[in-house]
Amino acid sequence: MKKLICSLLAVCCALTLCVAAGCGGNGGNNNDIDALLKQIDVTADDEYAGELVILTTNEASEVLTMESLIKAFNEKYPYIRVTHRTEVLDGYYNGLTNNTGVAIQTGDHSLMPDVFWLSQDFLQSIYDQEDILFPLYRIDEKDDGFSENVFADEALAVSKANNNLYMIPRDYNQVVMYFNEKIFDAAKVAYPKPQMSKDEFIQMLAALRAGLDASDEVNDYGVPYKTAVTNLVDVNALWDSWVWPLLKGFGAQVVTPDGQVALDSQETFNAVSFWKSLRKNNYVGSVSTTNAGVDFRMQQAAIYFHARATLTDITSSTKQIRGVQKLGVTALPQFGEKYAIGGGSSGYAMYLNAEHKTEAWLFLKFVASEAGQNAFCSTGNGVPSIKSLLSDDNAVWRTYTSPAFGDAFDNDAFVYGMDFEEKPFTSIHDYTRYIPASVQEDVLVSLRTCFAAIDGDASSDDELKANITNQAGLIDYLIKQAQNKK
Amino acid sequence: MRAKKNDSRLGAFLRGAKKEYSNWLFMLPFIVGFSVFVAYPIIMSFVYSFTDFNAIRIKNYGFFNYENIFDFSAYGMGNDIWKSFGLTALYAVISIPLNMFLSFTLAMALRKAIPGIRGIRLLFYLPVLIPGIVMGQIWTDMLGHPEGLINQWLGAIGLPANTFFSSEKTQFATLIAISQWGIGGGMIVWLAALENVPKTLYEAAEMDGITFFGKLFKITLPMCTPIIFYNLIGSIIGALQVFDTYAYLGTGQNNGLYFISIRIYTTAFGGRVHDYGLACALAWVLFAVIAVLTGIMFKTSSWVFYGDSKQ
């Protein structure tokens, strides 16, 4: 008994010690943004000297982009020494969150980068953690040399949290239909056109299959297309930028603006059912594939749905993966009644307690400038986020070329629909803004589960409908639970 | 009076420490390491289990994580969490006895001193040397998709393809089957145990005309009960913490391989919102389950034969 009491006392002491040491979290909330703003010299010019630490993922395309941006930035600001740190994508956001926690508890913010790469998908949840993002809109108000109006509306919308700017959108990404012209040639099928109808798309797939079966042509590995191409279309069918636009195209809704869950509908089932029919005919591969893009790059799929960010990955050739050497691109087909194209932005944000705020702001402004955007686009993997370059025929992203581009490589595909009255650009922010941040990830998982069930054993129409009903119920429960917590 | 007593105790402790400082010095690396890397995280995980800690800050304190774990309403968290516990228990209940039976059978078969027996034992032990993650990747390549190697072999001999890991119905049984790949490790322990059974017992039994099964159940198994007990405790703890399947199978088709340790990991580090508080609470519930099971095992261990020594 005595030992037990001693042990309990020891635990109590430890608890007291921990709370006293700041484990209770008392760092960022008291940050006075006005005081932090004073640390930023908005009049700094290209003679400004200082240091800057930038964090991105270690993916080849990100590293290439950052190298290009830093080179151009240093041409303009030669006295700012930039350090580029990288982390693997898998642990990227974990590291960011954990390091922020350590920085706040120790008061040592040198652990943190001044500027870090951020994807729109994570903006809301990072924003919700309160202590990571610097409110860039506050600098915008102070700095006459910057205006968020330069950005395309779509890119700007997904860079905001709580209707305020927290991320400088670097790119304008929308999903396109890449295709391997050689496979279409082998099947003697005409190249796809922009915004094909669902029926035209399915007819094209049927013609491709028949054409390849009758063809003896081989790919660069020496394997006949008719055996190499098992699934005609390569796509990550559980990609959030794919799932939601597909649902929206069929008229489905996830959550209404007043927060009511509307997922359980015939429209949702129609979207799932459409994908099931493609899967059944082996037009598309496993819904839950984890290596989307590989088949297309290995010349084992005719079509690949993805965005510009992956362009050089598709065309680059290695010993193992030859890449596509006659690449065509066009705008997505219209699968449902509405035309919806998945899209979004990634960009750069400033750490709330950045040690080099002026340098960070200069870099972010540079990313938003034509020089910065052209530097980024010179890698080939970018479509700019600023309006002036999106429509400029001489902008670097449009003049960029590669020997792997085929006759039907159409740059307009990357901005298709921008000038439509009803813009097809569709991002998950359409509905996530009506959902508490703490359950957004769960809602995304639920949407994926609606489609993932296609691969499962319970994939009859009734079972798929029951699954949708179940996921809708779960979303409703999660939202209500999160609202009650608040 | 009590204060004086405490003073004298403290003084004695300090005098002892001064006298034996070299002992303390040698123990210091362990003490520091244990305090920093074991004791502190254990205490903190207990503290966090009563909070909504997300790696940055704590906004709420209370029992809500434990309430959520036991929330069995229509969409309550408890349903999924305890499904994971159930799945883990089922895995333990099937894989542990199977593993012990197979490794014992193998040890019995390989205990005879025939020419080349060491080489044969080595062959059975070799798979244990392959790291679990690597082995998992190999199994996934062989069984993870309809065109896998095993299905190709089945096709070559005219048998129909099996779904193995690609179907919710067969993935669990497939996992149980491949988890027996490491029976060579258990075999070594059994061989050591079998070697320690006094030969005189068998000689006496033979003189009494006892059959093979008679010797097995009346001599071999009773004499091996300490090893069985040890294996059982270790295996239960290991099986309830099964995690490495996550690296190569994720959570399985329709979450059919979503074991509790994997759920703890994904709760803490998966997704966009890191719920360290709930993950810690789950870890403590798992600890409680393991502690209770282990306690029951020890309380009911009268069947273990420790020879003449005191139990």
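Predicted model: local features only at pLDDT ≥ 70, side-chain atom pairs only at ≥ 80, totals over all residues.
Local features need pLDDT of at least 70 and side-chain atom pairs count only at pLDDT 80 or more, whereas totals for chains, interfaces and linings use all residues. Residues are numbered from 1 along each chain as its sequence is written, and chains are lettered from A in the order in which they are written.

The predictor assigns the complex an ipTM of 0.70 and a pTM of 0.78. Among the elements of chain B, the lowest mean pLDDT, 73, belongs to helix 1 (residues 2-19), and the highest, 95, to helix 15 (residues 276-299). Helices are DSSP runs (H or I, at least four residues), numbered from the N terminus.

Chain B is assigned domain 1 (2-39) and domain 2 (67-303), with bounds from an automatic or database domain assignment. Their centres, taken over C-alpha atoms, are separated by 42 Å.

In chain B, helix 5 (residues 117-129) packs against helix 9 (residues 183-195) at an angle of about 125°, with the axes 7 Å apart. Axes are lines fitted to C-alpha atoms, for helices over the stretch in contact, and angles run from 0 to 180 degrees between N-to-C directions. Helix 5 of chain B is therefore oblique to helix 9 of chain B (under 35 degrees is roughly parallel, over 145 roughly antiparallel, 65 to 115 roughly perpendicular and the rest oblique). Residues B:F124, B:Y125, B:P127 and B:V128 of helix 5 meet B:G184, B:G185, B:M187 and B:I188 of helix 9, contact requiring C-beta atoms, placed from the backbone, within 7 Å.

Key: Helix = DSSP H or I, 4+ residues; strand = E, 2+ residues; numbered from the N terminus. Contact = placed C-beta atoms within 7 Å. pLDDT = per-residue confidence, 0-100.
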